[in-house]
Amino acid sequence: MMYTNSLYQEVILDHNRKPRNYGKLDHASHQAVGHNPLCGDHLDITLQIENDQINNIAFQGESCAICKASASMMTTAVKGKSRLDAETLIHEFRELATGKLDINQSHHLGRLTVFSGIRDLPTRVKCAVLPWHTLHAALNAIASASTEANDDPVQTVISGNS
Amino acid sequence: MKPANASLKSESLFDIDWEKIRADFPILNLKIDEKPLIYLDNAASSQMPQSVIDRLVRYQTAQHANINRAVHYLSEIATMEYQRARCTLQQFINAREDREVIFTSGTTDSINLVMHGYGRKFIKSGDEIILTTLEHHSNIVPWQMLAEEKGAKIRVVPINDKGELQIDAYEKLFNERTKFVGLIHVSNALGTINPVKKMIDFAHQHGVPVLIDGAQAAPHMPIDVQVLDCDFYAFSAHKLCGPTGVGILYGKTDLLEAMQPFKGGGDMIASVTFEKTVYNTIPHKFEAGTPPIAAAIGFGAAIDYLTAIGIERIAAYESTLLDYATDCLNEIPGVKIIGTAANKAAVLSFVIDGIHPHDIGTILNQDGIAVRTGHHCAQPVMHRFNIPATSRASFAFYNRKSEVDALVAGIKTVQKIFL
């Protein structure tokens, strides 16, 4: 289908091949583990935050290309940003992935809009959102995030549409 | 519609016009974004031929009422047709009696029925239940629930690197505490055909009853429960070109009679007072409430359809597809087939170096190719091979060699994208 072509764009394939900020930070101030029980994918995110600013971030784990590229691009997007800005990006990315964001309106996602095609693949939305979910958990001192949690916005949207 | 009746005159396994058979399945004409549908997810659910669709329509338009109750015309017709479906299933698996065939909502329901009806009555604290690494979650979780409730123990038969059960290890698991064996006939994740006859015989030497999960076997090979001598056999209609929501549990009469009911309600009783309820005879004891009448009748029609083609012919044809697909995939560098048992049904699980199965599935879908990606509800199998998931192509008799070629081309596209 056409949307699949547009999903696996070069920028996503590149981040999958050469993930940025890959690994684990030694002296992390914040961290969380994300898990998608539907496919077994998991990743952990470590952060160094000082004065509400994300000085450093890293991720590692096992996942599909969509999840890995999303995580990689997320780390480059939030590094150096304030906590509040990161939360804004998390919110906007979730809205993008679930098709609720109008990308013609003002937003802060930049190149991350390359993931807009995911909205047409409900089974893959979770793959793209997992890193953002996990980052949210880390920022809010929740040890682990799951795409199947009761408060999962993705889950809510999918069941709402079916 | 009578498929391939002319060819039934011959004994040959290869005298069928499979293209004509394929034309019986309207859904196979679908286009997915202008690409012809290539449906290779038959182990998850098979497609339905026009004759079964027509049967469902005929039932709903001219025969539907509730069964076993009223004396009016429609109720009698519906009851008769429902019972006829039971007899069709009885003959299909060569059960001694039709009352040994219980309609359930599917394989999972059938296994849960045995767990509740047999397990909760006869399995005690300290008893052991033997399962295998190849089991689908539906033949693991009910027994874990039982083991937890009763303080029983689950013992697991390991597999070798080809995905075959280690029979010597199986035999060593038996002791005086062994009280039940749950065994998958054909692995849904790997396609391995297990030597169930031999394993049932061994269990019986120790006086242990055996449940066979036949969900993946019944569509692909002749099943004779008397030859197997299994105590229980379970499968679903929707993997045999029938509707969802119905399946059967075969059980030996004496066992079914000794078991306690699973669900209480109407139809499963002989008499009810607030002081005492007397249960109905089998199979009704296990069919509480209004059953899926339409689906059961559709199930019967699906069995008629498959029997007219001949399960042996289906098995022989699918085997040629599997051999062809196996050869083709083995020739692609970077592709590894998971599950290489000597005796296999038409299931091909594979992984591609460096590419996640979900990405494979999404890109194949782009070419109209439907495969299953994930752990296939068989996580212990995935753990055994130290992989999170596989991509799985599973074939039915309506698939073509050209569809295998399309799969191969699709895999090469995937590799090109991720190069």
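Two residues are in contact if their C-beta atoms, placed from the backbone, lie within 7 Å. By that criterion, among contacts in chain A between residues at least 6 apart in sequence, 59% join residues at least 24 apart. This is a predicted model, in which local features need pLDDT of at least 70 and side-chain atom pairs count only at pLDDT 80 or more, while totals for chains, interfaces and linings use all residues. Residues are numbered from 1 along each chain as its sequence is written, and chains are lettered from A in the order in which they are written.

**Chain A**
- Along the sequence their pattern is α-α-β-β-β-α-α-α-β-α.
- Of the 162 residues in chain A, 44% are buried (20 or more other C-beta atoms within 10 Å of the residue's own; exposed means 12 or fewer).

**Helix H7 of chain B**
- In H7(B), residues 196–205, the buried positions are B:Val196, B:Met199, B:Ile200 and B:Ala203.
- Seen down the helix axis, these buried residues fall within an arc of 100 degrees (taken from the directions from the axis to the C-beta atoms), so they line one face of H7(B).
- They pack against helix H6 (167–172), strand S7 (178–184), strand S8 (210–213) and helix H8 (225–228) of chain B.
- B:Lys198 and B:Gln205, on the other side of H7(B), are exposed.
- B:Gly207, which follows H7(B), has a positive phi, near 70 degrees.

**Interface of chains A and B**
- Contacts link 14 residues of chain B with 16 residues of chain A.
- Helix H12 (residues 357–366) gives the most to the chain B side, with six residues.

Note on methods:
Helix = DSSP H or I, 4+ residues; strand = E, 2+ residues; numbered from the N terminus.
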